[in-house]
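Got your viewer open and a selection tool handy? Let's take a short walk around the surface, one stop at a time.

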Amino acid sequence: MYGNGLSRNLEASLQAESTIEEAVDLLVAVRKEQRSIGHLPDRLKPSSVEEGYVLQQALSVALGETPIGWKIACTNSQAQALMQTDEPFAGPLFESMVHT
């Protein structure tokens, strides 16, 4: 009915959504248990910067948090090499992170 390209795109989109949901579930559990993990399992790692930001937004919603500001990471080449990226990235700051 719709070409194979559309079917592949839909399948990839559904797979990405499922992966994001699973990653969010893991990260919410880690936070609730007050533990840390070194990194996401390879199968749950975002496949693009855009997917990473979608995951970040989904996690904010799942945690019931609203950003009150932003932090920027990997603003120099050494940090980017360490984090295996070629550009800086932003992360939300939540009210629950601020202590006055």
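**First stop: an arginine**

Select Arg43: with a relative accessible area of 55%, this residue is exposed. Keep in mind as you click around that the model is predicted.

Arg43 sits in the loop between α1 (4-32) and α2, while Glu22 belongs to helix α1, so the pair ties together parts that are 21 residues apart in sequence. Glu22 is partly exposed, at 36% relative accessibility.

Go to Glu33 and Arg35, whose closest N and O atoms are 2.4 Å apart in a salt bridge. Glu33 is partly exposed at 49% relative accessibility, and Arg35 is partly exposed too, at 42%.

Next, pick Asp42 and Lys45. Their side chains meet in a salt bridge of 3.1 Å, N to O. Asp42 is exposed, with 59% relative accessible area, whereas Lys45 is partly exposed at 38%.

**Last stop: a nonpolar patch**

Select Val49, Tyr53, Leu82, Met83 and Phe89 together and show the surface. These residues form a nonpolar patch with about 470 Å² of accessible area together. Which elements give two or more residues to the patch? They are α2 (49-63) and α3 (77-83).

Finish by zooming in on Met83, which is in helix α3. At 49% relative accessibility, Met83 counts as partly exposed.

Notes: Residues numbered from 1 in each chain as written. Predicted model: local features only at pLDDT ≥ 70, side-chain atom pairs only at ≥ 80, totals over all residues. Heavy atoms only, no water. Patch = residues over 30% accessible without salt bridge, like charges linked within 9 Å, V, L, I, M, F, W, Y side chains within 5 Å. Areas by Shrake-Rupley, 256 points an atom, 1.4 Å probe, with all protein chains shown as cover. Salt bridge = Lys/Arg side-chain N within 4 Å of Asp/Glu carboxyl O. Helix = DSSP H or I, 4+ residues; strand = E, 2+ residues; numbered from the N terminus. Buried < 20%, exposed > 50% of the residue type's maximum accessible area, 1.4 Å probe, protein only.
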